[in-house]
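Hi,

Here is the structure I promised to pass on. Have a look at it first, and my notes on the ligand site follow below.

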Amino acid sequence: MNRVFNFSAGPSMLPVPVLEKAAAEMVCYGESGMSVMEMSHRSPDYEAIIQKAEADLRKLMNIPDNYKVLFMQGGASTQFACVPLNLIGRTGKADYIVSGQFSGKAFKEAQKLGYDVKCVATTKDDNFDHVPYVTRDMIRPDASYVHMCFNNTIYGTKFGYIPDTGDVPLVADMSSCILSEPVDVSKFGVIYAGAQKNMAPAGVTVVIVREDLLAYADPKMPTMLEWKTMAENDSMYNTPPCYTIYMLGLVVEWLLSIGGLEKMQELNRRKADLLYDYLDHQDYYLAPVKAGSRSMMNVTFVTGDPDLDKKFASEAAKAGMKNLKGHRSVGGMRASIYNAMPYEGVETLVAFMKKFAAENPKA
Ligand SMILES: *Cc1c(COP(=O)(O)O)cnc(C)c1O
């Protein structure tokens with residue numbers, strides 16, 4: 001069976017050279033005589049793997065020395081609780097930007113914990129078809145942090161700018177855009193991301209946190225959710241998700257080998273431009289996201305007819321393009337074109353879109 005073009009929003013495609021390397025090392029890793037899955041996480045072989053994964057990620061993202069890199073479990077969703085639990089102690093209150101479903105969940109989680117949290121900007125009334133423009137005066141100067149989601153996976157929107165929050169640390173969920181382009185880490189207090197969109201299989205969550213922000217956790221909080229515990233134990237307080245971290249290391253190594261995040265951004269730009277240029281020069285499909293907020297990773301579009309949308313996704317799947325159905329909460333189509341999606345995948349999709357439009361005239 002041939003590999004398909006998998007447009008899934010996550011878990012999603014991994015680079016073929018990474019899968020091949022993992023396959024070659026699956027049964028026997030190096031001279032260890034065992035699979036990475038079977039190793040003690042305290043063994044020298046594994047320590048080398050996790051240390052290299054972190055060092056390579058620091059190099060790739062140009063992470064400053066005063067930031068810790070943590071490998072945690074529980075997905076990005078667990079960080080929705082970790083963020084307030086670790087940071088609210090700064091001032092006792094926090095501000096949220098709600099630009100889609102995940103940032104809404106993060107906001108609700110902090111509310112559920114009973115903290116003084118405020119939604120300072122949202123585009124909910126516009127169906128999240130763009131991201132809000134946030135300025136410093138909208139933020140409470142004594143907020144512990146401002147939380148945002150940089151790329152809204154479900155709606156296909158992305159912040160085209162980094163909000164200026166003054167001295168208030170900015171915390172960003174970057175699950176669906178991390179490693180897609182260079183990012184100035186120093187502009188953020190915390191960046192976190194579940195791995196299964198652009199970094200690795202599911203199972204590990206990367207948290208990049210400025211060291212001075214490790215001091216505010218409630219002493220009663222669960223040990224496993226505390227960033228400081230993870231930082232002090234090099235993410236090995238307990239057994240980490242060993243194999244997933246190994247896979248993340250291979251993905252990062254692959255990105256460095258192709259020329260780093262500048263190169264990746266150029267490749268991603270080409271893919272996204274091809275699809276958006278087509279969408280902008282036809283009138284069969286509608287792309288709901290406003291100019292200036294378009295995601296380079298998740299591209300959403302509809303035909304305007306739910307039956308045709310359904311037919312589109314099922315015929316595309318038969319033609320080797322899987323998982324183009326939009327999120328269950330919004331419908332339509334969504335093409336997730338993460339790092340590992342080849343240009344050829346987007347070319348094939350655009351050709352299919354033209355053919356489908358010609359063969360399925362609207363009433
Ligand atoms: C997928 C996703 C999540 C949820 O991630 P889990 O690892 O499944 O908890 C959160 N935020 C964003 C932006 C996502 O894309």
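Thr153 has a polar side-chain atom 2.5 Å from an oxygen atom of the ligand. In the side chain of Gln196, an N or O atom is 2.9 Å from a ligand oxygen, and a backbone N or O atom of Ala76 lies 3.1 Å from an oxygen atom of the ligand. The protein covers 86% of the 390 Å² of accessible area that the ligand has on its own (Shrake-Rupley method, 1.4 Å probe).

Before you go further: this is a predicted model, where local features need pLDDT of at least 70, side-chain atom pairs count only at pLDDT 80 or more, and totals for chains, interfaces and linings use all residues. Residues are numbered from 1 along each chain as its sequence is written, and side-chain values use heavy atoms, with hydrogens and water left out.

Around the ligand there are 13 residues (a heavy atom within 4 Å). Ser77, Thr153, Asp173, Gln196 and Lys197 are the closest. By class, this shell has four nonpolar, seven polar and two charged residues. Helix α3, residues 75-87, gives the largest share of the shell, with four residues (helices are DSSP runs of H or I, at least four residues).

The ligand takes up the space of the largest pocket (more than half of its atoms lie within 2 Å of the grid points). A pocket here is an open set of points on a 1 Å grid over the protein atoms alone, where a 1.4 Å probe fits, with protein on both sides within 12 Å along at least five of seven lines; lining residues have an atom within 4 Å of a point. Helix α3 also gives the largest share of that pocket's lining, four residues.

Cheers

Terms used:
A polar contact is a pair of N or O atoms within 3.5 Å; within protein, one must be able to donate a hydrogen and the other to accept it, and residues adjacent in sequence count only if both atoms are side-chain atoms. Helices (H or I, at least four residues) and strands (E, at least two) are DSSP runs, numbered from the N terminus. Ala, Val, Leu, Ile, Met, Phe, Trp, Tyr, Cys and Pro count as nonpolar, Asp, Glu, Lys and Arg as charged, and the others, Gly among them, as polar.
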